[in-house]
Structure formats: C-alpha cells, structure tokens
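Here's a friendly walk through one protein chain, piece by piece. Keep the picture open while you read.

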Amino acid sequence: MDRNFRSILTGSFSTPCADNPTVAMIEAGFQHAGLDARYINCDVKPAHLGEAVRGALAMEWAGFNCSLPHKVAVIEYLDDMAEAARIIGAVNCVSIRNGKLIGDNTDGKGFLASLRTVIDPADKKVFLLGAGGAARAIAVELGLAGAAHITVVNVEKSHADTIAALVRDNTKCEATAQLWEGDARIPAGTDIVINATSVGFGDAEAMAAVDVNTFKKGQVVADVIPNPPTTRFLREAKKRGCTPLEGLGMLVNQGVIGVELWLGKRLDATVMKHTLSDIFNTSDAD
C-alpha cells in the first residue's frame with residue numbers, strides 16, 4: 001500500500017505573529033476532518049514579504065493568510081483578486097491555484113456568515129462604528145449583500161466618508177458618514193448595530209462610546225472583538241432586549257472560508273470555536 005508523507009501546507013504571514021491563535025483553530029479543524037494539512041504561523045517582516053510569497057509558491061502551498069502589516073502590500077504579488085477584495089483594496093487570504101496567486105478578503109465574509117445566523121442584512125439599516133480595515137471590509141460585504149443603508153461613524157470623519165463613498169460607488173446600498181462625537185446615538189429604525197473598533201479587546205469592561213439608551217429591543221448588536229467573546233458592548237445591548245452577536249463567530253468563519261478557498265473542503269466550525277474558547281479561557285462556545 002502506497003504511503004504519502006507529504007502534508008498540505010497553508011499558513012499565515014504577519015508581524016508580530018506570536019499571539020495569533022488562528023493556527024490552533026485551523027489545525028484543530030484539520031485534525032477533526034482527518035486532513036494531513038498544516039497551518040504554519042510565520043513572522044514575516046515587511047522587507048521579506050516578496051520572498052515569503054515566492055517561497056509559498058515554490059513550495060506549492062495551497063494558500064496563506066496575510067495579516068498586519070501585509071494586507072495591502074501583498075497585492076503587488078498577486079495574479080488576480082476577488083471582486084470584494086478589489087473593492088476593499090486589501091487582501092487577507094491568498095489561494096494558490098495552478099501556480100497563480102488569487103487574493104480575497106475574508107474579514108467581511110466571515111462577519112457576514114456569522115451575521116446571517118441571526119439576521120439577513122438584505123434591506124436592513126446598519127449603524128457601523130469605526131472606519132478601520134475591519135469596518136471597510138464589513139461595509140463592502142454588507143453592501144454587496146443588499147443592505148439598504150449603512151451609517152459609518154468615526155472620530156476621523158474623512159475615514160468614514162471614504163468607506164461610505166466606497167459602498168455607494170460599488171454596490172446598490174446607500175451609505176452616509178457621521179462624525180463620532182461623545183456618545184454615539186443609534187438612529188431610530190436601525191436594524192443592525194456593529195462595533196468594528198478595537199475598543200474592548202482584552203478588556204471586559206472597556207466599551208466604545210455609545211449612548212446605551214439608544215439600543216432598541218429587537219436590534220441585532222454585533223462586535224468584531226473575539227476576546228473576550230462577550231464584551232461589555234454586547235452585555236449592555238442584551239440588557240435592553242437586543243440580540244447580541246459575538247466576534248468569535250467572525251474569526252471562526254474567516255478560517256472556515258479561507259480553508260474552503262484553499263482546499264475546497266469545509267471544516268467543522270464548532271470544533272474550531274471550542275478551540276478558541278478554550279484559548280480565551282471561556283466556556284462560552286455556544
């Protein structure tokens with residue numbers, strides 16, 4: 001009987017990378033699926049990105065993730081890009097197919113997959129806090145998914161203006177920008193509220209500046225932060241009858257989508273979520 005000692009290779013290029021738990025999550029998924037595949041977490045400095053990309057190609061990797069600071073710089077090494085990645089202007093997932101490098105962005109796709117477990121964003125009104133890379137990807141994916149209107153709120157209004165224009169110019173969704181002054185007030189009629197800032201990461205008591213009294217019963221309130229999974233932002237929303245959506249689901253779904261792009265196989269999201277929950281020292285894996 002023939003035996004194969006060659007593993008499928010995937011991984012991530014970023015710096016710093018030591019605190020990135022994606023490797024544990026994806027390798028748990030590989031093991032559960034019975035796949036002889038590895039996910040290698042690589043610390044790649046900006047000056048070495050080109051060599052890292054060429055190395056992955058030379059070693060016939062199936063694909064790799066790009067995290068900070070490489071999401072824009074990697075584009076010059078690609079042969080093609082998916083529509084959403086082209087609109088967003090950033091790539092965090094590269095597939096290698098027949099020697100060609102294909103770029104995609106799974107940030108927004110991961111969020112959208114998680115969001116759809118509680119609500120379909122089509123024809124919904126969205127209030128989006130923040131204007132960084134995650135907000136940009138989420139806004140574009142929501143626009144492509146048929147959201148009716150997105151209000152982008154940020155302390156630097158010019159950044160919010162850029163995202164709103166990007167959505168309007170590339171999707172059928174209406175989008176406006178709003179300056180974030182003091183506690184942001186959620187407009188009446190909002191269906192989905194999203195914290196796409198980093199406020200609350202690693203701090204269960206920190207919270208983005210929002211007037212909690214403008215949360216309305218029945219709204220879906222989402223946070224992109226995976227650690228802690230249940231942020232203060234979500235706890236305050238739940239107290240007021242909103243449906244909370246943890247950032248852990250976004251992170252897991254990014255991994256699921258990435259592996260599906262690379263290998264054409266869908267990993268078990270529950271296994272991956274439990275792995276991250278253990279790492280983040282929480283039993284909340286439901």
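## A glycine to start with

Let's begin with Gly 50, which is found in helix α2 (residues 49-58). Helices here are DSSP runs of H or I with at least four residues, strands are E runs of at least two, and both are numbered from the N terminus. Is Gly 50 buried or exposed? Gly 50 counts as buried because its relative accessibility is 4%; buried means under 20% relative accessible area, exposed means over 50%, and partly exposed is in between (1.4 Å probe, protein chains only). Gly 50 and Ile 163 are 113 residues apart along the chain, and their C-alpha atoms are separated by 29 Å.

A quick word on the ground rules: this is a predicted model, where local features need pLDDT of at least 70 and side-chain atom pairs count only at pLDDT 80 or more, while totals for chains, interfaces and linings use all residues. Residues are numbered from 1 along each chain as its sequence is written, and side-chain values use heavy atoms, with hydrogens and water left out.

## Around strand β6

Strands of a sheet pair through backbone hydrogen bonds, either parallel or antiparallel. Strand β6 (residues 100-104) has pairings of both kinds. With β5 (residues 93-97), the pairing is antiparallel and runs over five bridges; with β4 (residues 80-81), it is parallel, with two bridges. (Two strands pair if DSSP finds at least two bridges between them.)

Look at Ile 102 in β6: Asp 80 stands opposite Ile 102, and Ile 102 is also the bridge partner of Ser 95. Four of the five residues of β6 are buried. The β5-β6 hairpin has two residues between its strands, and Asn 98 takes a positive phi near 50 degrees there.

## The six-stranded sheet

Now find the open sheet, whose six strands pair in parallel in the order β9-β8-β7-β10-β11-β12. At the edges sit β9 (174-179) and β12 (243-245), each pairing on one side only. From one strand to the next, the twist averages 20 degrees. Angles run from 0 to 180 degrees between N-to-C directions, using axes fitted as lines to C-alpha atoms (for helices, over the stretch in contact).

Helix α7 (residues 232-239) packs on this sheet and touches β7, β10, β11 (220-223) and β12. Contact means heavy atoms within 4.5 Å. The direction of α7 makes about 170 degrees with that of β11.

## Thr 190 in its loop

Thr 190 lies in the loop between β9 and β10. Its relative accessible area is 9%, so Thr 190 is buried. The Thr 190 side chain reaches the backbone oxygen of Pro 187 at 2.7 Å. Beyond its neighbours within four places in sequence, Thr 190 is in contact with Lys 125, Val 126, Phe 127 and Gln 219.

## Cores and cysteines

What is the largest nonpolar core made of? It has 29 residues, and among those with the most contacts inside it are Leu 128, Ile 150 and Ile 194. A nonpolar core is a set of buried Ala, Val, Leu, Ile, Met, Phe, Trp, Tyr and Cys residues joined through side-chain atoms within 4.5 Å. Apart from it lies another core, of 19 residues, including Met 25 and Cys 93.

Methods. Polar contact = N/O pair within 3.5 Å; in protein donor to acceptor, adjacent residues only side chain to side chain.
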